[in-house]
Amino acid sequence: MNGPVIQHTSPQIAQPAGISSTMRDVIVALIPALAMAVFLFGPRVLAVTAVSVGTCVLAEYGYCRLRGLPNPTGDLSACVTGLLLAMSLPATAPYWAPVLGGLFAIVVVKQLYGGLGRNFLNPALAGRTLLCTFPGLMTHWVDAFHYPSLLGGADAVSAATPMASLHAGELPDLTLGQLLLGQHGGAMGGVPAFMLILGGVYLVGRRVISPRIPLAFVGTVALLTLLFPRGDGGALAWMTAQLLGGGLMLGAIFMASDYTTTPVTPLGQTLFGVGCGALTVLLRYFGSYPDGVGWAILTMNCCVWLLDRSAIPRRFGLGRFARARAWVGELKESAAAIRFVPPKLKFLARAGEGTMPGEGYLDELRGKVRQWGAVAGVFLVVCGAVFGVHRLTDYAAVRAETEAQEALLAQVMPQATMRTETPYRAAGALSITAGYNDSGLVGYCVEVQANGFGGLLTAVVGVNTNGEVTGVAVTSHRETEGVGTDAMTEEYLSQYVGKSGTIRSSGNNAVDAVSGATATSQAVTACVNQALAIVANLDTEGSVSYVDGEV
Amino acid sequence: MLRRYLGGVHPVSYKASTRRKPIVPLERPPEQVVIPLTMCTGGGSAAVVKPGDQVTVGQVIAKPLDMGVYVHASVSGRVRAIEPRPHPWGGKWDAIVIDNDGLDTPCPSLPGPMDWARMDRMEALQRICKAGITSMGGGASPTHLRIAKSVGRVDTLIVSAAECEPYLTADHRLLLEKGDQVLQSVQMLAQLLRADRAVLVVAGDKLNAVEFLERRLRRKRRSVELCTIQTRYPLGMEKQLVRTVTGREVPPGRSAIDVKCAVFNVATAYTVRQALLEGTPLTHRAVTVSGGAVARPRNLWVPIGTPLRCLLESSGGLREEPAVILTGGPMTGTVQTDLDAPVVKNTNALLCLTREERGSAGEPETVCVRCGHCVASCPMNLNPAFVYRAVRMGETERLPQLHLEDCMECGCCTYSCPSHIPLEDLVRQAKKLCQEGGNQG
């Protein structure tokens with residue numbers, strides 16, 4: 001048309017908020033919780049927070065300085081990251097923990113992916129999760145009002161958190177007021193639930209975050225815990241403890257509502273919250289860590305691209321089910337379009353230009369091998385690293401095993417204070433452990449086997465240097481529960497204590513068999529006899545045979 | 001109060017400065033008016049007067065070409081020239097320049113009042129066409145064509161006095177000062193269109209007008225429904241109004257008529273009534289002059305063609321240097337660089353905004369933090385964050401799936417972006433890219 005056309009220009013007004021003012025609002029919303037944490041855990045909270053915030057800001061400044069990028073610290077996002085990281089740590093955390101976590105959060109998680117707006121994991125949570133891999137750091141929580149000292153800190157008493165007892169299936173011994181105000185052990189920022197809710201209300205009121213994610217998250221957790229309660233205090237008490245006891249409020253209000261790592265569409269945000277809630281409950285019920293909020297959020301962070309694409313808002317003007325109908329139509333079309341296509345087979349010999357037949361294919365194969373080799377190499381290295389870390393850090397299993405062994409030996413030879421495995425071997429002995437006390441050798445604990453009613457029965461028998469039995473313990477058996485096991489009670493086994501020589505089933509030097517469990521009793525007696533014989537004949541002077549004795 | 005569509009934003013309204021100011025004529029009539037030959041989106045008009053001709057108020061000075069409208073002289077005086085002059089929509093275009101003699105002699109050949117009881121539809125349409133009425137809320141489409149298209153095909157007439165953009169109060173004042181006539185005009189339009197239901201939509205920030213109209217309605221027993229809606233931008237957009245009032249959604253690519261609704265602005269309805277019952281063509285309109293930089297913000301009754309400079313002079317001039325001057329509302333209006341541009345038929349406001357009032361508009365753009373505010377605020381359920389990504393990453397093949405043709409350029413996304421990304425511009429750019437892609441493919 002030959003004439004003027006209305007030149008629409010962009011809106012000449014805009015809402016006054018910017019990134020930095022948004023971040024400032026988040027900091028303001030965190031202040032009540034921080035103040036409460038200082039009240040509960042003492043001044044060390046402030047010190048840890050200061051270290052964490054300082055590390056994050058310096059890391060961001062330093063990285064951008066090195067890369068020659070404009071200084072981004074003015075948008076305060078690093079401050080928020082540092083603050084959230086500190087609040088998810090225990091008050092007793094050593095000062096290197098926030099430094100390491102902050103460096104990882106800012107440099108690896110945020111800046112290597114392109115800085116603000118491009119990271120796909122929540123930096124603070126990722127930093128915290130890295131710190132979770134250090135044994136002991138995230139499992140020792142100090143109780144409220146036990147102020148850890150400003151410099152030491154590691155010596156503070158560790159307390160059972162509500163999450164630990166919830167994880168064990170029991171209700172924590174706390175009132176609703178204590179839960180709300182945070183008078184229990186836990187992460188220093190995750191504890192004052194009421195202050196966190198206050199901050200969340202502030203953020204929603206200022207329209208910094210929409211209430212969709214926190215409500216969906218908390219609502220899902222509430223619903224699932226209400227439907228599947230454990231413990232014996234009632235569903236409502238169980239739900240309340242689950243909602244307020246752990247890091248749920250901190251996670252739902254401040255970490256799951258992080259802009260960058262959540263979906264942009266309203267429906268996607270709701271689904272994100274529901275997913276976080278469901279994962280949290282699953283991890284809390286069936287996981288090995290007491291709390292699963294952090295893992296749940298990080299897992300959902302990885303699904304954001306999927307949620308964004310699947311939860312596009314309904315187009316204005318289309319009916320409510322137009323999408324579903326269109327989808328069904330498409331499905332029908334594609335089903336109709338399916339035809340059987342005979343596969344095209346490649347043959348090995350293919351002549352290239354100026355090359356031998358098949359050489360091109362060989363090159364291709366070589367390329368493939370190189371490609372897959374690289375992938376396999378990376379895979380192996382990662383597997384090795386994971387396995388190594390697991391071996392190095394898997395203290396718990398080893399410690400439990402050793403402790404069980406110690407307890408067993410203490411039972412069969414209470415006189416000894418120290419036990420060592422001996423290199424002696426004897427026919428019929430699975431292992432021989434020597435027991436010592438302050439005055440020297442007490443005796444030997446021998447692990448032996450004999451045939452019982454149902455199969456092999458393994459027992460550890462303690463024999464002192466005088467050739468007397470100090471104790472008997474059955475470690476494994478296949479006897480009938482309730483019948484054979486009558487011959488394994490402490491009462492029965494204690495009859496053997498003090499006996500020596502060869503024990504018979506009747507007459508002198510006898511132990512009465514339990515009626516109904518004769519075979520088992522005889523097997524235990526056989527074990528004891530065998531052990532007595534082994535100790536009596538133990539050749540401690542001669543050459544030591546390292547060959548395993550046949551059983 | 002109703003709230004039925006998703007999205008939208010709540011800008012600070014700034015209406016307090018003019019909502020109590022009655023509509024008054026200019027302090028000093030303009031010495032010269034500049035009436036552009038094109039004042040509607042349908043097309044231009046051809047001048048029927050020559051330089052040197054004497055004209056009177058209401059005299060036809062240009063006749064429509066194809067889909068244009070009649071143009072009337074808004075003052076009496078002598079035609080000085082027909083030459084390119086600055087147009088408020090942008091650029092310089094042919095306009096009839098009239099020297100005002102200050103007498104305001106009415107045109108003798110104006111038709112008298114129409115006999116409404118007889119209800120001759122053809123005659124009514126003819127009169128509306130001759131009166132040169134365009135929609136006066138900002139759209140500038142020819143009203144007679146719209147009415148002709150809707151006659152008998154709609155069951156609901158929606159007259160909008162929503163005025164959801166900040167600063168604008170001209171419609172609010174019109175409701176308060178000409179309430180009876182407005183109600184009458186709504187009823188007349190409903191009769192003309194043979195609509196069963198006539199709804200006057202008023203936003204919740206004009207409760208005094210609502211109360212006043214309710215009282216008039218009770219007394220006059222008119223069959224007009226009064227609908228008060230929670231204030232939210234962009235309430236006054238056609239599709240959102242239809243959705244809110246009737247619950248129907250206009251399908252993509254269609255207009256309100258397809259769901260049996262006709263939507264008119266309240267000022268347009270009032271002008272239609274004036275044309276039918278008084279016989280006066282569209283020569284004057286109400287304009288809100290407001291903004292922090294204006295010394296005495298007010299509502300003015302202005303002859304079409306008055307240069308914007310005259311409006312500012314009548315409002316006490318500028319108090320300080322404005323950051324931006326624009327005609328129309330701050331969300332959809334047009335930035336003016338030349339104050340010699342005249343008031344045209346769709347100019348509902350002249351705003352001079354200060355730096356503080358603009359909020360963060362025009363601040364340097366930063367990166368998208370994926371906050372999702374643009375998606376949540378889009379009234380058409382579009383996804384501006386994805387458009388941003390597709391345009392900036394050059395993924396133009398994604399654009400057709402984003403339904404950009406639905407965008408009505410309300411600017412909610414740009415308004416709500418905390419990173420100050422000009423999302424509306426990006427969407428416009430993406431539309432162009434889509435069209436080019438379509439042409440190539």
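**Figure 1. Surroundings of A:D486 in the predicted model.** A:D486 has 17 C-beta neighbours inside 10 Å, so A:D486 counts as partly exposed. The cut-offs: a residue is buried with 20 or more other C-beta atoms within 10 Å of its own, exposed with 12 or fewer, and partly exposed in between, with C-beta atoms placed from the backbone. This is a predicted model, in which local features need pLDDT of at least 70, side-chain atom pairs count only at pLDDT 80 or more, and totals for chains, interfaces and linings use all residues. Residues are numbered from 1 along each chain as its sequence is written, and chains are lettered from A and ligands numbered from 1 in the order in which they are written. A:D486 sits in the loop between β7 (469-476) and α18 (490-493) of chain A. Helices (H or I, at least four residues) and strands (E, at least two) are DSSP runs, numbered from the N terminus. Leaving out residues up to four places away in sequence, A:D486 touches A:V514, A:G516 and A:A517. Contact here requires C-beta atoms, placed from the backbone, within 7 Å. From A:D486 to A:A124 the C-alpha to C-alpha distance is 57 Å, across 362 residues of sequence.

**Figure 2. Helix α5 of chain A and its packing partners.** Helix α5(A) covers residues 123-132 and is mostly covered, with eight of its 10 residues buried. Those buried are A:P123, A:A124, A:L125, A:A126, A:G127, A:R128, A:T129 and A:L131. Which helices do the buried residues of α5(A) pack against? They pack against α3 (77-87), α4 (96-110), α11 (248-255) and α13 (293-302) of chain A.

**Figure 3. The α9–α10 helix pair of chain A.** Two packed helices are described by the angle between their axes and the distance between the axes. Helix α9(A) (residues 212-227) and helix α10(A) (residues 235-245) pack at about 145°, with axes 8 Å apart. Axes are lines fitted to C-alpha atoms, for helices over the stretch in contact, and angles run from 0 to 180 degrees between N-to-C directions. The crossing of α9(A) and α10(A) is right-handed. From α9(A), A:V218, A:V221, A:A222, A:T225 and A:L226 meet A:A235, A:W238, A:M239, A:Q242 and A:L243 of α10(A). By class, this contact holds eight nonpolar, two polar and no charged residues. Ala, Val, Leu, Ile, Met, Phe, Trp, Tyr, Cys and Pro count as nonpolar, Asp, Glu, Lys and Arg as charged, and the others, Gly among them, as polar.

**Figure 4. The α4–α5 helix pair of chain B.** Helix α4(B) (residues 179-193) packs on helix α5(B) (residues 207-220) at about 65°, with axes 10 Å apart. The crossing is right-handed. B:G179, B:D180 and B:L183 in α4(B) meet B:F212, B:L213, B:R216, B:L217 and B:K220 in α5(B). The contact has four nonpolar, one polar and three charged residues.

**Figure 5. The two domains of chain B.** An automatic or database domain assignment sets the bounds. It gives domain 1 (2-16 + 111-278) and domain 2 (366-440). Their C-alpha centres lie 31 Å apart. Contacts link 12 residues of domain 1 with 13 residues of domain 2. The domain 1 side has eight nonpolar, four polar and no charged residues.

**Figure 6. The interface between chains B and A.** Here 57 residues of chain B are in contact with 35 residues of chain A. On the chain B side, β15 (324-327), β16 (334-335), α9 (373-377), α11 (412-416) and α12 (423-440) each supply at least two residues. Which element of chain B gives the most? α11(B) does, with three residues. The chain B side has 26 nonpolar, 22 polar and nine charged residues.

**Figure 7. Overall form of each chain.** Chain A has 19 helices and seven strands. Its radius of gyration is 34 Å, well over the 24 Å from the globule rule for 551 residues, so chain A is more spread out than a compact globule. The radius is taken over C-alpha atoms, and the rule is 2.2 Å times the number of residues to the power 0.38. Along the principal axes, the C-alpha atoms of chain A fill a box of roughly 125 × 80 × 50 Å. Buried residues make up 41% of chain A. Chain B has 12 helices and 17 strands. Its radius of gyration is 22 Å, close to the 22 Å that the rule gives for 441 residues, so chain B is as compact as a globular protein of that length. Buried residues make up 56% of chain B.

Key:
Contact = placed C-beta atoms within 7 Å. Left-handed = near helix turned anticlockwise from the far one by under 90°.
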